[in-house]
Amino acid sequence: PRSTLFPYTTLFRSETIQKLWSDFANECDASGTTDIYGFQALAFRSMVEGGECFIRKHIRPMEDGLAVPLQFQLMETEQLPFYLARPTPETPHGNVVRASIEFDPEGRRTAYYFYKEHPGERLFFPNYLDLLRIPAAEVMHLFRPLRPGQLRGIPWLSNALVRLWELDQYDDAELLRKKFAAMMMGFITRQNPDDAF
């Protein structure tokens with residue numbers, strides 16, 4: 001009867017899903033650097049340090065032989081410039097661009113304008129400042145919103161950076177003072193070597 005087969009069917013499906021997840025976890029990083037757990041840790045660290053990071057979804061053809069035809073690419077905040085605040089020739093009519101994020105008339109995010117390459121790699125890519133419009137459906141914007149309408153993320157340590165810099169300066173000055181104190185010495189002199197102290 002059907003009721004007696006149901007537990008085995010559920011078990012089979014569960015095992016299949018677990019196997020697909022395990023394979024996907026090892027293949028999800030488009031760069032091939034890490035697995036899904038390392039990818040999550042790197043994305044979180046990027047968000048803490050830079051305030052935000054971007055994850056681009058790549059749908060892969062079945063010919064690539066992946067268990068799940070989907071991979072993720074992690075993109076740093078520097079690849080989305082803050083300065084772009086005007087429509088480009090690729091921007092649909094009626095949409096606006098703010099901080100390199102495109103919005104439709106209803107205020108929904110429709111696209112992101114990324115540099116084709118990381119700006120720190122200008123030696124390897126002469127056209128690194130060329131912009132690439134990527135639909136918002138392909139991008140996950142990871143940041144912690146702190147106020148309504150916030151467009152971009154803020155580094156988590158930004159409020160403490162000045163104080164940390166001052167503490168670093170204090171630490172250097174204290175080490176230098178101790179160094180000078182350790183090098184100080186005194187000499188007792190007298191006119192005649194035979195004189196008593």
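**The largest pocket and Gln-79**

The largest pocket in this predicted model is lined by 22 residues, and those nearest its centre are Gln-73, Leu-74, Met-75, Glu-76 and Gln-79. Its volume is about 340 Å³. By class, the lining residues comprise 10 nonpolar, 6 polar and 6 charged.

Which elements supply the lining? At least two residues each come from α2 (36-50), β2, β5 and β6. The largest share belongs to β2, with 4 residues.

Is Gln-79 buried or exposed? Its relative accessibility is 10%, and because buried means under 20%, Gln-79 counts as buried. Beyond its neighbours within four places in sequence, Gln-79 is in contact with Tyr-113, Phe-114, Tyr-115, Lys-116, Glu-117, His-118 and Pro-119.

That list leads us to strand β5, which spans residues 109-115. Of its 7 residues, 5 are buried, so the strand is mostly covered. On one pairing, β5 runs antiparallel to β4 (residues 101-103), joined by 3 bridges; here Ala-111 is the bridge partner of Glu-102. The hairpin of β4 and β5 has 5 residues between the strands, and Gly-107 in that hairpin adopts a positive phi near 85°.

β5 also pairs with β6 (residues 131-135), again in the antiparallel sense, over 5 bridges. Within this pairing, Tyr-113 has Arg-133 of β6 as its bridge partner. Tyr-113 is also one of the residues in contact with Gln-79, and Gln-79 in turn is among the residues nearest the centre of the largest pocket.

Key: Residues numbered from 1 in each chain as written. Predicted model: local features only at pLDDT ≥ 70, side-chain atom pairs only at ≥ 80, totals over all residues. Heavy atoms only, no water. Buried < 20%, exposed > 50% of the residue type's maximum accessible area, 1.4 Å probe, protein only. Contact = heavy atoms within 4.5 Å. Pairing = 2+ DSSP bridges. 1 Å grid on protein atoms, 1.4 Å probe; cavity = no way out; pocket = protein on both sides within 12 Å on 5 of 7 lines; lining within 4 Å. Points joined across faces, edges and corners; volume = space filled by probe spheres on them. Nonpolar A, V, L, I, M, F, W, Y, C, P; charged D, E, K, R; others polar.
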